[in-house]
Amino acid sequence: MKKVIKSIFQYVGAILLAIVIAALLRFFIVDFYSIPSDSMYPTIEPGDFIVVNKLYMGARFYKNFDFLDGSHPETVRVSGFASLKRNDVIVFNFPTHTNGRWDMDLGTFYVKRCIALPGDTLSIIKGINHVNGKTGFGNMEEQQRLHHYHGEYAPGIYNAYPFDYWHRWNIQDFGPLYLPAAGTTILIDTLNFSLYRHLIAYETQIPVHVQQRQLYIRDSLVREYTFQKNWYFVAGDQVFNSRDSRYIGPIPEDFIVGKASFVLTSKDPHTKDYVWRRFFKKIK
């Protein structure tokens, strides 16, 4: 009987240890996501099961669990071993709009390519991404297809952020848009208030409103603002089929889970057969 009990405790201990190790791996080192759409094709295909490296930027944790009651989910990030580079593929939480508030959707994750970094200025000129005046960011083949495209657009595809009368940006003619870096102070005027309105609302967690094309936080006119966070511009490799920063605007570092490293496994979404050529394929 003693041997049986000892064996049981050994098995239970081994199982508990395995659970703890798996949890630590998920919290600090890697995460896994199944990809349902083709917005990153051909880099990532529907049915791919990808590995996300959290160590790259540092694992992200919630400061508390007040968000379970609908509050803003404050996060803290431990130190990573590298910074994001342009053209890195990342996984991030998609923003949500609830009761007029722009915040992190804890249940929705997207994978896109990082096109512009904090401190960069991005423009899309005749369908081609330009960052600080240079090209080569994103899927160039698809950008060339957009560059030469003169047909009709499906509803909701052509017009782009910030969707206002004064900018009238679209996916062929966009920007210039400066991506705020933490500590950067930007003058807020009657033209650019719409570019940074939801960024400021997210950082301050205070309702903002517009009067006569001027931005107010409560009753205070915002003439300039010093950003507290780093903001990124992300885009899908499929320029005609990707819900990204061209539509939602910049995303804050808080939202980013990590860098997509490689495809672990893959299944055809229709036949459910394994797609062996995708196994262990590096994402770049």
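Modeller: What follows treats the salt bridges, then a sheet, a loop glycine and a surface patch.

This is a predicted model, in which local features need pLDDT of at least 70 and side-chain atom pairs count only at pLDDT 80 or more, whereas totals for chains, interfaces and linings use all residues. Residues are numbered from 1 along each chain as its sequence is written, and side-chain values use heavy atoms, with hydrogens and water left out.

A salt bridge is taken here as a side-chain nitrogen of Lys or Arg within 4 Å of a carboxyl oxygen of Asp or Glu, and by this rule the count comes to 11 salt bridges. One of them joins E45 to R277, with the closest N and O atoms 3.0 Å apart. Because E45 lies in the loop between β1 (30–34) and β2 (48–53) and R277 in the loop between β17 (256–266) and β18 (281–282), this pair ties together parts that are 232 residues apart in sequence.

E45 is buried, at a relative accessible area of 13%, whereas R277 is exposed, at 58%.

Elsewhere, D237 forms a salt bridge with R113, whose closest N and O atoms are 2.9 Å apart. D237 lies in the loop between β15 (231–235) and α4 (245–248) and R113 in strand β6 (residues 101–116), so parts that are 124 residues apart in sequence are tied together by this pair. D237 and R113 are both buried. Salt bridges with shared partners join E45, D48, R277 and R278 into one network.

Turning to the strands, there is an open sheet of 3 strands in the order β8-β7-β9, with antiparallel pairing, where two strands pair if DSSP finds at least two bridges between them. Its edge strands, β8 (128–131) and β9 (173–178), each pair on one side only. Strand β7 (residues 121–125) is joined to the antiparallel β9 by 4 bridges, and T121 stands opposite Y178 in β9.

In the loop between β8 and α2 (140–147) sits G136, which counts as partly exposed at 35% relative accessibility. G136 and R86 are 50 residues apart in sequence and 9.6 Å apart in space, C-alpha to C-alpha. Leaving aside residues up to four places away in sequence, G136 touches N87 and N129, contact being defined as heavy atoms within 4.5 Å.

Finally, L191 lies in the loop between β10 (185–187) and α3 (193–204) and is partly exposed, at 43% relative accessibility. Together with Y165 and W166, L191 forms a nonpolar patch on the surface, with about 350 Å² of accessible area in total. Patches are made of residues with over 30% relative accessible area and no salt bridge, like charges being joined within 9 Å and nonpolar side chains (Val, Leu, Ile, Met, Phe, Trp, Tyr) within 5 Å.

Note on methods:
Helix = DSSP H or I, 4+ residues; strand = E, 2+ residues; numbered from the N terminus. Buried < 20%, exposed > 50% of the residue type's maximum accessible area, 1.4 Å probe, protein only. Areas by Shrake-Rupley, 256 points an atom, 1.4 Å probe, with all protein chains shown as cover.
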